[in-house]
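This briefing is meant to be read alongside the sequence and the coordinates.

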Amino acid sequence: MDAIRVESLTKRFGDLTAVDDISFRVEEGEFFGFLGPNGAGKTTTIRLLTGLLTPDAGRISIMGIDPGRDAISAKLLMGVIPETSNVYADLTVKQNLYLAGRYYGLSGHQLKKRSEDLLSKFGIYDRRDERVRTFSKGLKQRVSIASAIIHQPGILFLDEPTEGLDVQSRRLIIRTIEEMNEEGSTIFMTTHNIEDANVLCRKVCIINQGKIVAIDRPESLKHTFDRMQFIEASFDREVKTGLFASDLISRIVVSGDKWRLYTEDLDRAVKHVAGVAERNGLKIISLRTSGPTLEDVFVELTGGGGR
Ligand SMILES: Nc1ncnc2c1ncn2[C@@H]1O[C@H](COP(=O)(O)OP(=O)(O)OP(=O)(O)O)[C@@H](O)[C@H]1O
Ligand SMILES: [Mg+2]
């Protein structure tokens with residue numbers, strides 16, 4: 001069974017179609033990345049999937065359950081880490097966890113044990129009786145995630161979970177999400193961070209202006225964009241752009257003393273660059289080739305702009 005199934009989902013706010021007829025499936029146990037620029041519709045999609053918003057059209061199934069019809073059953077299956085922290089600032093860390101646990105039906109020894117495990121895991125055990133109000137963003141996010149996974153949900157929705165966090169908090173959170181995925185949870189994560197998506201996700205969906213522009217494995221997305229591979233070279237003196245003009249080179253970008261020459265045929269393009277250098281008495285200081293980064297792919301597909 002698919003963990004998440006979305007068919008022709010649409011959400012409008014007045015004249016704006018924030019989510020525009022999107023369809024996708026997330027298999028059970030998959031780590032699914034939802035990428036897009038600001039305003040693309042990522043948060044709106046998460047809010048639809050988690051039953052916080054009602055769609056204008058289309059269908060959603062979470063483990064076979066329609067969150068619009070059977071909100072409680074759907075909610076028990078999921079953990080949600082929203083874009084802005086939803087922890088209770090006037091409660092202590094422990095109270096936050098207990099509140100979340102009771103909401104999901106935990107009690108007694110089970111709740112105590114699970115809370116203590118999570119407090120230790122997130123490095124906040126010593127601070128369990130402090131109010132969350134005074135906590136830094138990273139600490140608040142740890143409380144938010146601990147509360148969201150207290151009932152060991154099978155599906156985790158995370159809306160840019162590492163945005164604005166320091167390296168330590170970021171690593172801790174990424175590690176925890178990875179562990180949950182290794183233990184079988186399905187992960188649906190929105191992010192701006194292409195590197196995170198590249199490293200973590202088995203499948204990436206790219207959304208722009210409410211529409212899906214690509215869904216594939218990160219590796220396949222890169223291969224689709226062979227023409228975006230490039231040679232980066234620097235020379236011992238200034239060179240005129242026209243010197244390297246050739247059918248082999250689709251685009252030239254100069255930054256500082258480095259030349260980036262985009263090509264579909266790396267082999268022939270490298271020989272071309274070496275030949276031009278040779279004929280013009282240029283000394284090559286550095287030369288490397290690179291496949292397209294997911295960032296290149298992303299910018300190409302979305303036109304580089306938000307809304
Ligand atoms: N409640 C709302 N009322 C009106 N417009 C909204 C509402 N929520 C979102 N929008 C609009 O819908 C579009 C999609 O917003 P959404 O928050 O889903 O984008 P996002 O991809 O999460 O962006 P970001 O990366 O900035 O978080 C935006 O143009 C936004 O202004
Ligand atoms: Mg958002």
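Which helices and strands each supply at least two residues of the lining of the largest pocket? In this predicted model, the elements that do so are H1, strand E5 (78-81), helix H3 (93-103) and helix H5 (137-148).

**Largest pocket**
- The volume of the largest pocket comes to about 640 Å³, and 23 residues line the pocket, with Val80, Pro82, Asn86, Tyr103 and Tyr104 lying nearest its centre.
- Helix H3 provides the largest share of this lining, namely 4 residues.
- Sorted by class, the lining of the largest pocket consists of 12 nonpolar, 7 polar and 4 charged residues.

**Shell around ligand 1**
- There are 15 residues around ligand 1, and those that come nearest are Gly39, Lys42, Thr43, Thr44 and Glu83.
- The largest share of this shell is the 3 residues that come from H1.
- In terms of class, the shell around ligand 1 is made up of 5 nonpolar, 6 polar and 4 charged residues.

- At lysine 42, a polar side-chain atom is placed 2.7 Å from an oxygen atom of ligand 1, while at glycine 39 a backbone N or O atom lies 2.8 Å from an oxygen atom of the ligand.
- Glutamate 160 likewise places a polar side-chain atom 3.4 Å from an oxygen atom of ligand 1.
- On its own, ligand 1 has 630 Å² of accessible area, of which the protein covers 64%.

**Domain layout**
- The chain is divided into two parts, with domain 1 spanning 2-217 and domain 2 spanning 226-291.
- Taken over C-alpha atoms, the centres of domain 1 and domain 2 are separated by 44 Å.

Notes
Residues are numbered from 1 along each chain as its sequence is written. Chains are lettered from A and ligands numbered from 1 in the order in which they are written. This is a predicted model: local features need pLDDT of at least 70, side-chain atom pairs count only at pLDDT 80 or more; totals for chains, interfaces and linings use all residues. Side-chain values use heavy atoms; hydrogens and water are left out. A residue is near a molecule or strand if one of its heavy atoms lies within 4 Å of it. A polar contact is a pair of N or O atoms within 3.5 Å; within protein, one must be able to donate a hydrogen and the other to accept it, and residues adjacent in sequence count only if both atoms are side-chain atoms. Accessible areas come from the Shrake-Rupley method with a 1.4 Å probe; for residues, only the protein chains shown count as cover. Ala, Val, Leu, Ile, Met, Phe, Trp, Tyr, Cys and Pro count as nonpolar, Asp, Glu, Lys and Arg as charged, and the others, Gly among them, as polar. On a 1 Å grid over the protein atoms alone, a cavity is a set of points where a 1.4 Å probe fits but cannot get out, and a pocket is an open set with protein on both sides within 12 Å along at least five of seven lines; lining residues have an atom within 4 Å of a point. Grid points are joined across faces, edges and corners, and a volume is the space filled by probe spheres set on the points. Domain bounds come from an automatic or database domain assignment.
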